Amino acid sequence: MLRDLPPTVFARRATLRRSLRLLGSFRFEQTDPGLFYGGIAADTLDLVADFHRDLTGRDLSGTTVLDVGGGPGYFADRFAEAGARYIPVEPDPTEMHAAGLRVPGAVRGSGMALPFRDGAVDICLSSNVAEHVPRPWHMAEEMLRVTKPGGLMVFSYTVWLGPFGGHETGPWHYLGGEYAARRYRRRTGREPKNRFGTSLFVVTAAAGLRWAERLGSRGRVLAAFPRYHPRWAWWLVRVPGLRELLVSNLVVVVAKR
Ligand SMILES: C[S@@+](CC[C@H](N)C(=O)[O-])C[C@H]1O[C@@H](n2cnc3c(N)ncnc32)[C@H](O)[C@@H]1O
């Protein structure tokens with residue numbers, strides 16, 4: 001599957017400069033979420049818009065974009081500027097209100113049981129969410145279900161054995177998620193926000209690729225690549241074992257049939 005993927009416009013944006021810019025912003029996630037999310041929002045818009053253009057020849061204006069696990073809606077303004085109707089779905093009211101943003105039409109619900117009918121949206125996106133749910137492939141199925149035939153699904157998640165797999169408990173997750181969580185509590189006196197077994201789970205790159213391979217006639221895989229890497233490092237996805245350590249964040253892009 002990985003060998004037969006069509007060329008994508010987005011590959012042109014995946015330069016080393018972009019990777020360094022994104023990587024540089026990661027350390028501000030907790031201290032300056034506005035800065036961190038501003039950069040990631042613009043980049044996510046480019047990613048989605050490029051694949052949508054590859055698929056349909058059109059820009060995002062007039063499309064409905066469902067952002068599963070959209071948190072407070074950091075991506076809302078960027079998608080609205082591009083003319084899309086942006087709908088974040090988020091189960092956690094604390095997350096929804098975390099940044100004081102007001103996103104009209106925000107929906108409270110879980111990615112594992114999306115409160116939408118089949119084929120309701122043009123584009124279904126989830127960014128850094130699958131590793132926070134106990135049944136990520138069920139969530140992927142739900143996302144595919146609510147995407148229109150001919151629509152786009154973008155599924156991006158943090159790979160457990162990558163450098164950011166343990167989130168704030170890393171790099172101790174390499175010694176086990178439970179150990180890393182306990183160590184974090186011991187050191188800081190509080191539970192990690194991303195608690196192994198409750199809100200943080202092991203998700204492998206291999207599992208995402210397997211899910212994509214099994215789509216069969218339900219979807220066409222447009223791309224599977226490391227989200228933050230420059231184009232010349234995308235081959236990592238094709239190497240079993242190594243991809244678990246170095247891909248860090250896998251994006252699977254599917255055109256629903
Ligand atoms: C790391 S944040 C990602 C936020 C945003 N999508 C991004 O890329 O920056 C993970 C989000 O997933 C949400 N989440 C957790 N469980 C979920 C579920 N079952 N369905 C949908 N979202 C969920 C969390 O509440 C949180 O807002």
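The dialogue below reads a predicted model feature by feature.

Colleague: What should I know before reading the numbers in this predicted model?

Modeller: Residues are numbered from 1 along each chain as its sequence is written. Since the model is predicted, local features need pLDDT of at least 70, side-chain atom pairs count only at pLDDT 80 or more, and totals for chains, interfaces and linings use all residues.

Colleague: How many helices and strands does the protein chain have?

Modeller: Helices (H or I, at least four residues) and strands (E, at least two) are DSSP runs, numbered from the N terminus. The protein chain has 8 helices and 7 strands.

Colleague: What does the radius of gyration say about the protein chain?

Modeller: The radius is taken over C-alpha atoms, and the globule rule is 2.2 Å times the number of residues to the power 0.38. For 257 residues a compact globule would have a value near 18 Å, and the protein chain has 17 Å, which agrees. The C-alpha trace spans about 50 × 40 × 35 Å along its principal axes.

Colleague: In which order do the strands of the sheet stand?

Modeller: Two strands pair if DSSP finds at least two bridges between them. Here 7 strands form an open sheet in the order E3-E2-E1-E4-E5-E7-E6, with mixed pairing. E3 (107-108) and E6 are at the edges with a single partner strand each, so one side of each has no neighbour in the sheet.

Colleague: Which strands pair in parallel with E1?

Modeller: E1 (residues 64-68) runs parallel to E4 (residues 121-127), joined by 4 bridges; Asp-67 has Leu-125 in E4 as its bridge partner. E1 also runs parallel to E2, with 5 bridges, and Val-68 stands opposite Val-89 in E2.

Colleague: Is strand E7 buried or exposed?

Modeller: A residue is buried if 20 or more other C-beta atoms lie within 10 Å of its own, exposed if 12 or fewer, and partly exposed in between; C-beta atoms are placed from the backbone. In the protein chain, 43% of the 257 residues count as buried. For E7 (residues 249-256) the count is 8 of the 8 residues, so the strand is largely enclosed by the rest of the structure. Asn-249, Val-251, Val-253 and Ala-255 are buried on one side, and Leu-250, Val-252, Val-254 and Lys-256 on the other.

Colleague: Which strands pair with E7?

Modeller: E5 (residues 147-158) is antiparallel to E7 and joined to it by 7 bridges, with Ser-156 opposite Val-251. E6 (residues 219-226) is also antiparallel to E7, over 7 bridges, and there Arg-220 has Ala-255 as its bridge partner.

Colleague: Which residues are closest to the ligand?

Modeller: A residue is near a molecule or strand if its C-beta atom, placed from the backbone, lies within 6 Å of it. By that rule 17 residues surround the ligand, the closest being Gly-69, Gly-71, Asp-92, Gly-111 and Ser-127.

Colleague: Where does Gly-71 lie, and what does it touch?

Modeller: Gly-71 is in the loop between E1 and helix H3 (76-81). With 20 C-beta neighbours inside 10 Å, Gly-71 counts as buried. Two residues are in contact if their C-beta atoms, placed from the backbone, lie within 7 Å. Not counting residues up to four places away in sequence, Gly-71 touches Glu-90, Glu-95 and Ala-98. From Leu-55, Gly-71 is 16 residues away in sequence and 27 Å away in space, C-alpha to C-alpha.
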